[in-house]
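Look at the structure, then work through the points by topic.

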Amino acid sequence: MSTLEADFIVVGAGTSGSLIARRVVERTDASVLLVESGPRYPRFPLDVPLAGLSLRRPWSWSHESVSQVQLQGRKVSFPMGRVVGGSSSVNAMICVPGMPQAFDQWREAGCDGWGGDEMMRVFGLAAAPGGRAPMGISEARHRAPFSEAFVEACVEYGLQQTPMLFGNTSNSCGWFPVFQRQGKRQSAGPQFLGDVRQLKRFRMLTRKDVRRVVLEKGRATGVEFFAGRKRVRAHATQGVILAAGALSSPTLLLRSGVGPADELRTAGVDVEVDLMGVGRNLQDHFGVPMVFQSTQPSPGRKSRWLLSALQYLWSRNGVMASTCGEVGCFLAVDQEIQESNIELFAMIQTNRAAQAIELMCILSEPQSSGTIRLNPDDPWGASLIDPNYLSHPQDWDFIMKGMNAARGIVHCPALQNFALTDEVLAKGRSDRELIAAEGTTFHHPVGGCCMGIDQQAVVDPCLRVQGVERLWVADNSIVPAISNAHPASLALMIGERASDLILAES
Ligand SMILES: Cc1cc2nc3c(=O)[nH]c(=O)nc-3n(C[C@H](O)[C@H](O)[C@H](O)COP(=O)(O)OP(=O)(O)OC[C@H]3O[C@@H](n4cnc5c(N)ncnc54)[C@H](O)[C@@H]3O)c2cc1C
């Protein structure tokens, strides 16, 4: 076995991991080893918004859920990013930091320093319009006629149009801001690591899958991974920061012997710390696609790619600069609850029908939650991911109300020209059947290593893993309760907070 050494080891060069690695290097004299499972970030095709979204599969994990009871036993796939920049390198670039009040609830639950004001402040350090922060935020460059008409229809339906749809007010609609600069994707990889890569104190290893964190006498002292067939142990003098994302950080803790003791024993893993919350409270934005036949051809259809590519090369504009979902709205569909509980995400095209648009009707604050567990028959293989969609009755109620609201908007006068009457996927199915047959992830998993102050908490409000010294988790797995925020924004906020908290202890 060969050995490497650094002061800090960060696992995962994703959205929050890239940010944290940069902050440690720029604010201290410490050395950092960043270990990433995927390859380096390829500017082409991922920089080009629509091309990157269409061709992203080789840079994605092939995680899959277990059969979902409420979804006719279907499995759901999670193509999270497996490349430097993590999911920010393959995602749809939508920037929704969400409702500040949602973070106030984290603070009220005992997580001091995690309230709305603080989270919005740190978000501004990581991402802002113009050149003020590493991650640029822009208005959508491409504006499809359908997107314009959708926003008008939402206003006719009674929603308030906001200049940029950051998701911070209920019953609002508009154009989504995007993580783009001059029509190009902003991935956390190049944005945070670009100019620290030359420093001798910083080292990044790509295509290295971390297997577990090494714990010695209750302290994290390094990580273990394979380089080809050789087992390598990297030693950390100051600590290990897990930033492998909501689907991988819980697995890494479990494989390291930190988790529910009975479950670890069943999988044949030695118990280091009996921590019942590891792998619990996995949450996700569940959505149902609603596809409407349209009279207008899709602007991004493949037959026009050559023309669109030339336009993009010439002006960094046109449909290639689009994220496909340009507009949307946040709706409160329940009389009792004022906050938005449904998001509609309006896509200018769909791969489900040649000439159609797709509305994704999404639960913003689902009540259902699930688990991530080691496979007892193969603890080093794929974990058992169970989001347990629609296990809470309120989720059924709200998603059906959301679908009715979507139909109400589609039939508003502003969308008459598109004649969106024929609902392709709904044919002959009740809404319940449609949801069960077509409902799926909106690719926003959070939780699994939740932050808090109770017995279920995996990390405390300083992101320290309970019962282990010098081990932190700092990615979307720490989110204690899902909200309408989109998780790339969350991962940036968590990365900034984590950097402050970890460096305060060093
Ligand atoms: C298709 C898609 C579209 C999306 N669209 C949006 C959107 O428009 N807006 C939005 O806000 N969110 C979106 N998301 C979600 C969002 O991008 C992610 O939730 C967020 O970026 C996650 O950040 P993270 O830092 O927690 O994890 P990630 O950014 O996923 O980073 C985790 C990193 O750890 C690495 N890793 C994992 N396991 C190991 C291991 N064992 N060893 C070494 N490295 C490891 C991974 O390869 C990855 O690079 C989308 C996601 C997908 C998949």
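Pro 45 sits in helix H2, residues 43-46. Most peptide bonds are trans. The model is predicted.

- Most residues other than glycine have a negative phi.
- Lys 217 is not a glycine, yet its phi is positive, near 50°.
- The loop between strand E12 (210-216) and strand E13 (219-227) holds Lys 217.
- Lys 217 counts as exposed because it has 6 C-beta neighbours inside 10 Å, and the cut-off for exposed is 12 or fewer.
- His 443 also is not a glycine and has a positive phi, about 65°.
- His 443 lies in the loop that joins strand E24 (440-441) and strand E25 (446-448).
- His 443 is buried, because 20 other C-beta atoms lie within 10 Å and the cut-off for buried is 20 or more.

**Ligand shell**

- The ligand has 40 residues around it, and those that come nearest are Gly 12, Gly 14, Gly 86, His 486 and Ala 488.
- Two elements give two or more residues to this shell: helix H1 (15-27) and helix H13 (487-504).
- Helix H13 gives the most, with 4 residues.
- By class, the shell around the ligand divides into 19 polar, 17 nonpolar and 4 charged residues.

Terms used. Residues numbered from 1 in each chain as written. Predicted model: local features only at pLDDT ≥ 70, side-chain atom pairs only at ≥ 80, totals over all residues. Near = placed C-beta within 6 Å. Nonpolar A, V, L, I, M, F, W, Y, C, P; charged D, E, K, R; others polar.
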